[in-house]
Amino acid sequence: MGDPGQSPSPWSPHGSPPTLSILTLLLLLCGHAYSQCKILRCNAEYVSSTLSLRGGGSPGALRGGGRGGEVGSSGLCRALRSYALCTRRTARTCRGDLAFHSAVHGIEDLMIQHNCSRQGPTAPPPPRGPVFPGAGPTRASGSPAPDPCDYEGRFSRLHRQPPGFLHCASFGDPHVRTFHHHFHTCRVQGAWPLLDNDFLFVQATSSPVASGANATTTRKLTIIFKNMQECIDQKVYQAEVDNLPAAFEDGSINGGDRPGGSSLSIRTANPGSHVEIRAAYIGTTIIIRQTAGQLSFSIRVAEDVARAFSAEQDLQLCVGGCPPSQRLSRSVRSRRGTITMDAARQLCKEGLPVEDAYFHSCVFDVVISGDPNFTVAAQAALEDARAFLPDLEKLHLFPSDAGVPLSSATLLAPLLSGLFVLWLCIQ
């Protein structure tokens, strides 16, 4: 038992090795290791060596260690010494890597908290055995270590709860549903980033629906899955209207020859009109569709991945929505086209009975384009949202909340707080 008068350490959640919640979260948040920096491997080996401590011993044994001798503390000290040794070996190639520096200082703090001497025995290296789908290397105890390329499984195992997810979509004229449930109709022309973070880059290229029109549609999508050690080689996917390939730019359909290459895969549900890309190593699924001569994009992404970007990467339509100068009103009362507003409403009502933002976007697109097929784009976007949103109460957005300008502060605040803590650590 610990001292009842002492507040629990923020590094030590109830009954689990302290670093499993904080260090792993920091490393997930701060981005992946570059191809030369081996910090991801150090992290994976540390997690593997401490898994057995979760089930063995009492919570007090894991949190105690003040006078040494407890099995949990001695095992944790061995694991921390091994972790420190691994970071020293890769220090030269990890200069400037935020995840590396946060790990080094986190290890230092934990060794002090648990009275671990710098000299002493280290944990044995994790055994290398055959890797089965969805499981890490099998330990001598029979307990599988978390697969570093299975984000959901790793997060759930380390945090005892499933990860959080966010949803963003772009479709039609284009209409953008942001991660924080704001809905904008944009006139963005040319290439604009939907996402730009440490793991993913998604760019949409738009052009006017007709000569002289303010409204635009997405004609090209470029998606870059950035190199992630032990999981995937960098992969690029490009789609254009009338060219929706079921393979990456290099002709492959997975993440390459690395051990976790299968954690990135691409398949087509309907050749030429529907492609789905699953990136299990970052907890992400992307759907790309072609309807009515335009491309639609929809994503379900882990919160940590969506938030892993710097201040220089602040222009992301999925994060901040369209810039105010690029937003259009969805009102079509004063617009005239080959299809009247009443006719458009009737067409849209057939597949979208709720008059929410998807319905109004559908009416806008049909009136502006004169093409009834635009109803399919709005319907498909709603179905993707139904499948991807963790909270279905937020499925339907209405004009009163869909048109409020988005401040990215809601997404940036947790990130900036985390970066401030890490900045303090590396001083």
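This short talk walks through the sheets, disulfides, aromatic pairs and nonpolar cores of one structure.

Before the details, some ground rules. This is a predicted model, where local features need pLDDT of at least 70 and side-chain atom pairs count only at pLDDT 80 or more, while totals for chains, interfaces and linings use all residues. Residues are numbered from 1 along each chain as its sequence is written, and side-chain values use heavy atoms, with hydrogens and water left out.

Let's start with the sheets. Helices (H or I, at least four residues) and strands (E, at least two) are DSSP runs, numbered from the N terminus. Two strands pair if DSSP finds at least two bridges between them.

E4 pairs with E5, residues 200-208, in the antiparallel sense, over six bridges. Pro-193 has Gln-203 in E5 as its bridge partner.

Next, the disulfides. A disulfide here is a pair of cysteine sulfur atoms within 2.5 Å. How many are there by this rule? The count comes to six.

Take Cys-168 and Cys-318. Their sulfur atoms are 2.0 Å apart. The torsion about the S-S bond is about -80°, so this disulfide is left-handed. Cys-168 sits in strand E1 (residues 165-171) and Cys-318 in helix H8 (residues 317-320), so the pair ties together parts that are 150 residues apart in sequence. Buried means under 20% relative accessible area, exposed over 50%, and partly exposed in between, with a 1.4 Å probe and protein chains only. Cys-168 is buried at 0%. Cys-318 is buried too, at 0% relative accessibility.

Then Cys-186 and Cys-322. Their S to S distance is 1.5 Å. Here the torsion is about 55°, so the disulfide is right-handed. Cys-186 belongs to strand E3 (residues 183-186), while Cys-322 lies in the loop between H8 and strand E12 (327-328), and the two are 136 residues apart. Cys-186 is buried, with a relative accessible area of 0%. For Cys-322, also buried, the value is 1%.

Finally, Cys-348 and Cys-362. The sulfur atoms are 2.0 Å apart. A torsion of about -85° makes this one left-handed. Cys-348 lies in helix H9 (residues 341-351) and Cys-362 in helix H10 (residues 357-369), so parts 14 residues apart in sequence are tied together. Both cysteines are buried.

On to the aromatic rings. Rings of Phe, Tyr and Trp (its six-membered ring) pair if their centres lie within 6.5 Å; planes under 30 degrees apart count as stacked, over 60 as edge-to-face, and the rest as tilted. By this rule there are six aromatic pairs. One of them is Phe-171 with Phe-183: edge-to-face, 6.1 Å centre to centre, 75° between the planes. Phe-171 lies in E1 and Phe-183 in E3, so the pair ties together parts twelve residues apart in sequence. Both are buried. Phe-183 also pairs with Tyr-358, edge-to-face, at 5.3 Å centre to centre and 80° between the planes. Tyr-358 is in helix H10, 175 residues from Phe-183. Tyr-358 is buried, at 0% relative accessibility. Together, Phe-171, Phe-183 and Tyr-358 form one aromatic cluster.

Last, the cores. In soluble globular proteins, nonpolar side chains tend to be buried together. A nonpolar core is a set of buried Ala, Val, Leu, Ile, Met, Phe, Trp, Tyr and Cys residues joined through side-chain atoms within 4.5 Å. The largest has 51 residues, and Phe-179, Phe-225, Tyr-237, Ile-277 and Tyr-281 touch the most other members. Strand E11 (residues 294-302) gives the most to this core, with five residues. A second, separate core has 21 residues, including Phe-171 and Phe-359.
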